[in-house]
Amino acid sequence: MRMKKLLRVENLTKENILHQITFDMEQGEMLAVMGPSGSGKSTLLYNVAGMDQPTAGQVWLGDVEITKLSEDEKARLRLHRMGFVFQQMNMMANLNLLDNILLPAAQANRSRGRKSKEELNLRARKLMEKLGITGLEQRTITQVSGGQLQRACICRSMMNGPEILFADEPTGALNKSAAGEVMGELVKLNREGTTILMVTHDSRIASSCDRIIYLLDGQISAELTLGKSAAGTEKRREEKAARWLMEMGW
């Protein structure tokens, strides 16, 4: 059965960077964006997520055209319907891990006021348990490893139950082992239904995604469909992605 289309990008253009980018994402899909430095990967993500305004083109999240919204409307959309994980983790040094995770939920709750403090705390703790960082609630960001901190960032991004998660090099600052663990958590979230659009320079990370699009000089030059990952297929997927990227001149 074909999934519902969640994201539609049409002729997205950012002067001197992106040139008429068009693609769709279905609900529950996991898509990687790759390409050489300067190809426009992060610019694409920021324009699709409404953090930057394109020169031309449209971006739709469901039935909402993001590119027509005001800055305040886009901020509300990002808060309530999107989640973000970045290479630079942007956690507050003066807060413990639990309070950092709670920040977006507390902000959203001020505008909607639907949940009690106890409910929000319970959700945060459940997310920490799911991502394997239970027991670290009271630690500061300097008292945990890079992998643990990025898992906390994923928890924070999921607090408001986003329809889509945007990830910009989410494993870029991690060693190979931690990167694999964090990517495994993102794959689990995707299998549970979270749509993920990810920028990465790591072919091994990208091979876990359903699909890879390759940007070159601000345009989509090629696309590789891998489908959903399954146990025991990791090596074959990595090899297929690596061969394809070599053909792209990676």
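Okay, let me start at a turn: strand 4 and strand 5 form a hairpin with 2 residues between them, and G62 in that turn has a positive phi of about 60 degrees. Before going on, this is a predicted model, where local features need pLDDT of at least 70, side-chain atom pairs count only at pLDDT 80 or more, and totals for chains, interfaces and linings use all residues. Residues are numbered from 1 along each chain as its sequence is written, and side-chain values use heavy atoms, with hydrogens and water left out.

When I say helix or strand, I mean DSSP runs numbered from the N terminus: H or I of at least four residues for helices, E of at least two for strands. And two strands pair if DSSP finds at least two bridges between them.

Strand 4 and strand 5 run antiparallel, joined by 2 bridges, and W60 has E65 as its bridge partner in strand 5. On strand 4, W60 is also the bridge partner of R8. That takes us to strand 1, residues 5-14, which runs antiparallel to strand 4, residues 56-61, with 5 bridges joining them. Further along, T13 stands opposite A56 in strand 4.

So what order do the strands of this open sheet take? There are 4 of them, ordered 2-1-4-5, with antiparallel pairing. Strand 2 (18-26) and strand 5 (64-65) are the edges, each pairing on one side only. Helix 1, residues 41-48, lies across strand 1, strand 2 and strand 4, at about 120 degrees to strand 1. Angles here run from 0 to 180 degrees between N-to-C directions, with axes as lines fitted to C-alpha atoms, for helices over the stretch in contact; contact means heavy atoms within 4.5 Å.

At the strand 10 end we get another hairpin: 2 residues sit between strand 9 and strand 10, and D217 in the turn has a positive phi of about 50 degrees. Strand 9 (residues 211-216) and strand 10 (residues 219-225) run antiparallel, with 6 bridges. Among the partners, I212 goes with L224 and I213 stands opposite E223.

Which helices lie across this sheet's strands?

The axes of helix 5 (residues 146-158) and helix 6 (residues 176-191) come within 9 Å and cross at roughly 20 degrees. That makes helix 5 and helix 6 roughly parallel, the label for angles under 35 degrees, with over 145 being roughly antiparallel, 65 to 115 roughly perpendicular and the rest oblique. Residues in the contact include I154 and M158 from helix 5, and V182 and L186 from helix 6.

The structure holds 5 aromatic pairs, meaning Phe, Tyr or Trp rings (six-membered ring for Trp) with centres within 6.5 Å; planes under 30 degrees apart are stacked, over 60 edge-to-face, the rest tilted. F84 and F166 have ring centres 5.6 Å apart and planes at 20 degrees, so that pair is stacked. The pair links distant parts of the chain, with F84 in strand 6 (residues 82-86) and F166 in strand 7 (residues 164-168), 82 residues apart.
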